[in-house]
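Work through these exercises with the structure open.

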Amino acid sequence: LDRGMLTALDKLIGEVTEHLEAYDYARGLERAETFFWAFCDDYLELVKGRRYGDFGSDAAASANSAILVALDTLLRLFAPYLPFVTEEVWSWWRPGSVHQSSWPSSTDVLSPIGGRDEAALAVRLATQDGLAEVRRLKSLLKKPTKAVIARAVLPSRFAGLQPAARDFQAATHIRDLSFGDVDEAQLEFAEEGPAPGAAGV
């Protein structure tokens, strides 16, 4: 997921740069905003447990490094549009001014992972799609986001997320995950016990 996110971020740099050079400022902002909200809603949610050390220090370091690269890059991409906000946030953890920093480049984003990783990008997309599917079904079934799923069988079209299954299961609260020939995800929710402090029947 980290490698896929950074590969997508590199593509974003190219898109925003191209739009700005063509004086298409609105399109550049739209692309940056789309990435930013996916980063917040999906990527951060998927790696949250790992970032907090649930899977060991090396896994946490990978997520943390990727997040720092992304935040640094996104602040510079948004700087022409949100000059005061980006300057303030930049000052929280970076010296100098964001407006005197260089425009982000592929080297900034890809050097930590040794270049673009299209396979990891595909894993990222499959994982985001799987996350959206589980969220959709939980909402449809009026289940809370953190409802524990004892067993889930996802359609085989989501099997591409398997390299990121650990992060995916942590984010979706799925205990047992498999893929099969089903049209829609089959979710078996864990039995809900009595509320804390509730009297037994």
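**Exercise 1. Classify both partners of a salt bridge in this predicted model: are E184 and R136 buried, partly exposed or exposed?**

Step 1. Take E184. Its relative accessible area is 35%, so E184 is partly exposed.

Step 2. Take R136. The value here is 38%, and R136 is partly exposed.

Step 3. Check the contact. E184 and R136 form a salt bridge through their side chains, with N and O 2.9 Å apart.

Step 4. E184 sits in the loop between strand 2 (174-180) and strand 3 (186-189), while R136 sits in helix 6. The two are 48 residues apart, and the pair links distant parts of the chain.

**Exercise 2. Find what the salt bridge between R151 and D176 ties together.**

Step 1. Look at the distance. The side chains of R151 and D176 meet at 3.9 Å, N to O. The cut-off for a salt bridge is within 4 Å, so the pair counts.

Step 2. Locate the ends. R151 belongs to strand 1 (residues 149-155) and D176 to strand 2, so the bridge ties together parts 25 residues apart in sequence.

Step 3. R151 is partly exposed at 40% relative accessible area. D176 is partly exposed at 38%.

**Exercise 3. Trace the salt bridge of R94 and the network around it.**

Step 1. Find the partner. R94 bridges to D72, and their closest N and O atoms are 2.9 Å apart.

Step 2. R94 is in the loop between helix 4 and helix 5 (106-110), and D72 is in helix 3, so parts 22 residues apart in sequence are tied together.

Step 3. R94 is partly exposed, at 29% relative accessible area. D72 has 10% relative accessibility, so D72 counts as buried.

Step 4. Widen the view. Salt bridges with shared partners join D72, R76, R94 and D108 into one network. The structure holds 15 salt bridges.

**Exercise 4. Describe the linings of the largest pocket and the second largest pocket.**

Step 1. Start with the largest pocket, which holds about 290 Å³ of space. Its lining has 14 residues, and F36, L75, F78, L82 and T86 are the closest to its centre.

Step 2. Sort that lining. It has twelve nonpolar, one polar and one charged residues.

Step 3. Move to the second largest pocket, with a volume of about 170 Å³. Among its lining residues are K11, E15, R31 and R124.

Step 4. Sort this lining too. The second largest pocket has five nonpolar, one polar and four charged residues.

Key: Residues numbered from 1 in each chain as written. Predicted model: local features only at pLDDT ≥ 70, side-chain atom pairs only at ≥ 80, totals over all residues. Heavy atoms only, no water. 1 Å grid on protein atoms, 1.4 Å probe; cavity = no way out; pocket = protein on both sides within 12 Å on 5 of 7 lines; lining within 4 Å. Points joined across faces, edges and corners; volume = space filled by probe spheres on them. Nonpolar A, V, L, I, M, F, W, Y, C, P; charged D, E, K, R; others polar. Helix = DSSP H or I, 4+ residues; strand = E, 2+ residues; numbered from the N terminus. Buried < 20%, exposed > 50% of the residue type's maximum accessible area, 1.4 Å probe, protein only.
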